[in-house]
Amino acid sequence: MHRTNPLARLSHFARVRLYAASVAVSGLFCLVGCSHRDTTPTIATSADRPMPRPTLPGDAPAPVVSAVVSAAPPDLPPGYRTSDETNSIDVFRLAAPSTVFVTQSRIVVDYFAGTTSEVPAGSGSGFIWDTKGHVVTNFHVIRGAQALSVTLQDHRTFEADVVGAEPRKDIAVLQIKGAPAEGLVPIRVYDHNVNLEVGQKTLAIGNPFGLDQTLTTGVISALGRQVDGIGGVTIRDMVQTDAAINPGNSGGPLLDSSARLIGMNTMIFSRSGSSAGIGFAVPVSSIRRVVPQIIEFGKAKQVGLGVQIDPSQRLEQRAGIKGVIVLSLVPGGPAEKAGLQGITKTARGLSLGDVIVGVNDAAVTDYDDLYNTLDRFNAGDQVKIWVLRNEQRVSADITLVDIP
């Protein structure tokens with residue numbers, strides 16, 4: 001007689017429940033001390049897929065799978081600021097009182113009405129140098145001005161006079177008239193040479209488009225840039241920054257994270273006239289050297305060789321000569337004592353003398369090279385001058401002197 005398996009008559013769901021009950025009973029026997037032996041029968045589903053083995057006592061706990069819920073971050077405390085934000089705020093608070101607004105005016109004559117009036121002709125920024133009222137700005141900010149005024153951070157405005165300027169560095173110094181010393185906050189300046197690094201933070205304060213006391217931040221993008229200045233020579237060793245600099249920022253301070261001066265914002269490279277992230281600043285090394293000279297002498301001191309030359313170099317351009325032609329010698333000067341020769345008259349006309357082509361190891365191809373090379377030295381320093389004389393390269397040792 002054929003016997004049928006009673007489990008076969010059960011539905012799939014009933015078989016699963018029966019299997020679970022048998023597992024529970026087996027587990028109960030194990031809990032009272034019997035030695036457990038896995039005798040669990042294998043029950044196939046209708047799809048012939050084996051059921052997973054249940055977790056038994058003594059097995060490692062199965063991993064708990066739960067839905068991942070992203071919890072909202074805790075609230076930040078009111079007024080929370082990053083360390084970089086705090087530094088920018090501190091620098092602005094320290095340097096803003098030292099930054100001023102420079103406005104130039106010109107006299108307009110109405111010949112028909114027979115009257116004159118003073119109208120604004122341009123504006124820029126500047127910074128207070130000392131408690132005596134000296135203000136440093138760009139030469140191009142005050143060039144051609146017939147009247148100047150300086151507005152402090154507290155919005156007090158004073159008239160100002162030009163003390164002196166060095167156009168070849170685009171630096172000018174003004175003197176505020178009538179400003180009390182206790183109301184003047186000088187800019188912080190390093191008293192030693194500072195090593196700047198590409199990537200370090202920069203902060204620019206100024207009055208772009210006439211907007212009062214604006215702060216922009218960035219980094220030093222490059223060092224040692226050469227930019228054509230308005231004084232006829234390139235301004236070298238310029239600091240390039242990506243801090244936004246716009247018209248009106250000229251003459252304002254470029255600062256580091258310690259609120260100390262590292263440059264004076266001078267110009268931007270832009271096709272639209274607005275900031276394109278490429279701004280240039282006169283380095284603080286030039287400012288520290290030139291400004292005290294202007295305050296003391298009314299101009300920047302310049303060293304020379306005791307020769308007469310033509311900065312416009314019309315003769316060199318006409319003759320296609322690379323170098324600087326010595327036109328004549330200053331009587332009793334160091335060049336005359338060293339035996340240099342200038343242009344002389346002959347029966348056939350003028351005879352070319354020496355052409356300066358080098359100073360020490362630096363090549364001189366034009367007046368720009370000669371000026372910027374000698375600008376690194378002081379009066380009393382001795383340099384080796386290289387000249388072309390009758391197509392021969394000769395040298396002479398010359399002690400530099402101040403140009404009167």
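Colleague: What makes you say that strand β9 and β10 are joined, and do they run parallel or antiparallel?
Modeller: One thing to keep in mind is that this is a predicted model. Two strands pair if at least two bridges are found between them. Five bridges join β9 (residues 214-228) to β10, and the two run antiparallel. Five bridges against a cut-off of at least two, so they count as a pair.

Colleague: What lies between β9 and β10 in their hairpin?
Modeller: Five residues lie between the two strands of the hairpin. In that turn, G232 has a positive phi of about 95°.

Colleague: Which other strand is joined to β10, and by how many bridges?
Modeller: Strand β13 (residues 279-283) is joined to β10 by three bridges, again antiparallel. Here Q240 has F280 of β13 as its bridge partner.

Colleague: Why is Q240 called buried?
Modeller: Buried means under 20% relative accessible area. Q240 has 10% relative accessibility, so it counts as buried. This residue lies in strand β10. Leaving out residues up to four places away in sequence, Q240 touches V219, I220, S221, A222, R225, I278, G279 and F280.

Colleague: How do you know that β10 is mostly covered?
Modeller: Seven of the eight residues in β10 (residues 234-241) are buried.

Colleague: What about G126: why is it called buried?
Modeller: The relative accessible area of G126 is 0%, and the cut-off for buried is under 20%, so G126 is buried. G126 has its place in strand β2 (residues 115-128). Beyond its neighbours within four places in sequence, G126 is in contact with S98, T99, V100, V102, V135, V136, T137, G251, G252 and P253. Take V136 from that list: ten residues separate it from G126 along the chain, yet their C-alpha atoms are 5.5 Å apart.

Colleague: What makes the span of helix α4 close to the expected one?
Modeller: Helix α4 (residues 284-297) has 14 residues and reaches 20 Å from its first C-alpha to its last. At 1.5 Å a residue, 20 Å is expected, so the two values are close.

Colleague: Which residues of α4 are buried, and what follows the helix?
Modeller: The buried ones are V284, S286, I287, V290, V291, Q293 and I294. An α-helix has 3.6 residues a turn, so residues three or four places apart point the same way. After α4 comes G298, with a positive phi near 80°.

Colleague: How many residues of α7 are buried, and what covers them?
Modeller: Eight of eight are buried, so by the cut-off of under 20% the helix is mostly covered. They are Y367, D368, D369, L370, Y371, N372, T373 and L374. What covers them includes β5 (157-166), β10, β14, β16 (324-325), β20 (355-359) and β21 (362-363).

Colleague: What does α7 supply to the lining of the largest pocket?
Modeller: Four residues of that lining come from α7, the largest share. The pocket has a volume of about 380 Å³. Of the 20 residues that line it, G304, L305, G306, V307 and I403 are the closest to its centre. By class, the lining has 14 nonpolar, five polar and one charged residues.

Colleague: What stands out about the phi of D170 and of Q313?
Modeller: Phi is positive in D170, near 55°, and D170 is not a glycine. Q313, not a glycine either, has a positive phi of about 55°. Most residues other than glycine have a negative phi.

Colleague: Where do D170 and Q313 lie, and why are they called buried?
Modeller: D170 lies in the loop between β5 and β6 (171-176). Its relative accessible area is 2%, so D170 is buried. Q313 is in the loop between β15 and α5 (314-319). Q313 has a relative accessible area of 9%, so it is buried too.

Colleague: How many helices and strands does the protein chain have?
Modeller: Its secondary structure comes to seven helices and 24 strands. Of the 404 residues in the protein chain, 37% are buried.

Conventions: Residues numbered from 1 in each chain as written. Predicted model: local features only at pLDDT ≥ 70, side-chain atom pairs only at ≥ 80, totals over all residues. Heavy atoms only, no water. Buried < 20%, exposed > 50% of the residue type's maximum accessible area, 1.4 Å probe, protein only. 1 Å grid on protein atoms, 1.4 Å probe; cavity = no way out; pocket = protein on both sides within 12 Å on 5 of 7 lines; lining within 4 Å. Points joined across faces, edges and corners; volume = space filled by probe spheres on them. Nonpolar A, V, L, I, M, F, W, Y, C, P; charged D, E, K, R; others polar. Contact = heavy atoms within 4.5 Å.
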